[in-house]
Amino acid sequence: MRSLALAASPITPLNPDEPFVAEYRLLWCSLPKHPAVAAGHSVESHGKDASSQFMSSKDRSWLFVYERLPKATKSRASYSKADAEVFAQRLAELFIAPDTKLRDVFSSRYTAGMANVEEGMLKHWSWDRIVLVGDAVHKLTPNSGQGYNSGLQDIVVLVNELHKALSSSDGGCLSQDTLAAVFSRYQTLRFKITTDDCKNSNTIIRMSCWQNWIFWLMDRFILPYLPIIVTLRVNTGIAGTIKNAYVVDFVDGDEPFEGKVPWTHRMPRPSQKREFG
Ligand SMILES: Cc1cc2nc3c(=O)[nH]c(=O)nc-3n(C[C@H](O)[C@H](O)[C@H](O)COP(=O)(O)OP(=O)(O)OC[C@H]3O[C@@H](n4cnc5c(N)ncnc54)[C@H](O)[C@@H]3O)c2cc1C
């Protein structure tokens, strides 16, 4: 998109060539379910410049190990399987769960990979008839597990807006002006939410790696001794955000799950379905 915009006009407002910054790198692996973490549970270890997340399902476990880079970088990095092995050997003694070190987990891996954890968000989400969604627009750290979901929400909002525009068109190809308005509404609806998602996940990685003394104090002493803060954060902050997830507003369905926190946008019942033009 950037190359095309630049070729079309040198004065087009552009995103930077390397828009994302990485301050951490990440080793991940999947393995047969490890006994250190019960199915449906996760264990985290936090420390100076490194942290881990270890979680299990009924038959599989996943490990994420984060490490602060010596210097923040905008350059893309590519790590080989050998790089991942060297990293795992260097941090072999890292505490992962009670009686479990990194070396115990990594040795039983199915697959493993390593990447820099890119962070950031683009200013321009579309140009001409091109529009971006997901990681192409915003990079969240994996800590809060919201990256995929955030990209999916982009698609839902974009598809709803496109559907609205098509419903009120005469059936032909949407004009450039109409598309520009659709893309602008899509970006407006998603911008604030995505900005908050980025801030949240970026804070979590820094807190878990004790990036400064305030995060260390919060993570090491305040949150463990005042679990009410975590409970409030989950019940109001996180739930308050997730309940606002958009649904495809022209496909009807019955909500299969009713939780303690009701959805703001419910799936339309057949009678509420908007007719496609
Ligand atoms: C270790 C790890 C754990 C994660 N855990 C979670 C989690 O628990 N929950 C969660 O919500 N998110 C998680 N995420 C984030 C999530 O994986 C991403 O946010 C999501 O995959 C982004 O989807 P996407 O389609 O935007 O981009 P991608 O998944 O990157 O898909 C882009 C695709 O485009 C292809 N492509 C690239 N260039 C070209 C080209 N020129 N031509 C054709 N094809 C091209 C790529 O090969 C790729 O298949 C995690 C990420 C990582 C790295």
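Glu161 and Lys164 are three residues apart in helix 4 (residues 147-167), so about one helical turn separates the two. Helices here are DSSP runs of H or I at least four residues long, strands are DSSP runs of E of at least two, and both are numbered from the N terminus. The model is a predicted one, in which local features need pLDDT of at least 70 and side-chain atom pairs count only at pLDDT 80 or more, while totals for chains, interfaces and linings use all residues. Residues are numbered from 1 along each chain as its sequence is written, and side-chain values rest on heavy atoms, with hydrogens and water left out.

The term salt bridge covers a side-chain nitrogen of Lys or Arg within 4 Å of a carboxyl oxygen of Asp or Glu. Glu161 is buried, at a relative accessible area of 4%, whereas Lys164 counts as partly exposed at 32%. Buried stands for under 20% relative accessible area, exposed for over 50%, and partly exposed for what lies in between (1.4 Å probe, protein chains only).

Asp196 is partly exposed at 29% relative accessibility, and Lys192 is exposed at 55%. Elsewhere, salt bridges with shared partners tie Glu23, Lys48, Asp49, Arg68, Glu119 and Arg206 into one network. Within that group, Asp49 and Lys48 meet through their side chains at 3.5 Å, N to O. Asp49 is partly exposed at 25% relative accessibility, and Lys48 is exposed with a relative accessible area of 54%. By this rule the salt bridges number 18. Side chains of opposite charge can pair when their charged atoms come close.

Zooming out, the protein has seven helices and ten strands, and its C-alpha trace spans about 65 × 50 × 40 Å along the principal axes. Of its 277 residues, 35% are buried. Looking at contacts (heavy atoms within 4.5 Å) between residues at least 6 apart in sequence, 64% join residues at least 24 apart.

The protein splits into domain 1 (21-121) and domain 2 (145-272), with bounds that come from an automatic or database domain assignment. Taken over C-alpha atoms, the centres of the two domains are 26 Å apart. Domain 1 puts 14 residues into the contact, and domain 2 puts in twelve. The size of an interface is often given as the accessible area lost when the parts come together. Here domain 1 and domain 2 bury about 1200 Å² between them, with 56% of it on carbon and sulfur atoms. Buried area is the accessible area (1.4 Å probe) that two parts lose on being put together, summed over both. On the domain 1 side, Tyr24, His46 and Met121 give up the most area to domain 2, together 46% of what that side buries.

Two salt bridges are counted between the domains. Arg206 and Glu119 also join side chains in a salt bridge, at 3.0 Å from N to O. Eight residue pairs, both members at pLDDT 80 or more, are in polar contact across the interface of domain 1 and domain 2. A polar contact is a pair of N or O atoms within 3.5 Å; within protein, one must be able to donate a hydrogen and the other to accept it, and residues adjacent in sequence count only if both atoms are side-chain atoms. At least two residues of the domain 1 side come from each of strand 1 (21-32), strand 2 (42-47), strand 3 (50-56), strand 4 (60-73) and strand 7 (111-121). Strand 7 gives the most, with four residues. Sorted by class, the domain 1 side holds five nonpolar, four polar and five charged residues. In this sorting Ala, Val, Leu, Ile, Met, Phe, Trp, Tyr, Cys and Pro are nonpolar, Asp, Glu, Lys and Arg are charged, and the others, Gly among them, are polar.

Finally, some backbone details. Asp99 has a positive phi, near 60°, in a residue other than glycine. Asp99 lies in the loop between strand 5 (95-97) and strand 6 and is exposed at 81% relative accessibility. Thr100 belongs to strand 6 (residues 100-101) and is buried at 5%. Setting aside neighbours within four places in sequence, Thr100 is in contact with His34, Ala36, Leu94, Phe95 and Val105. Trp210 is not a glycine either, yet its phi is positive at about 45°. Trp210 is found in the loop between helix 5 and helix 6 (213-225), and at 16% relative accessibility Trp210 counts as buried.
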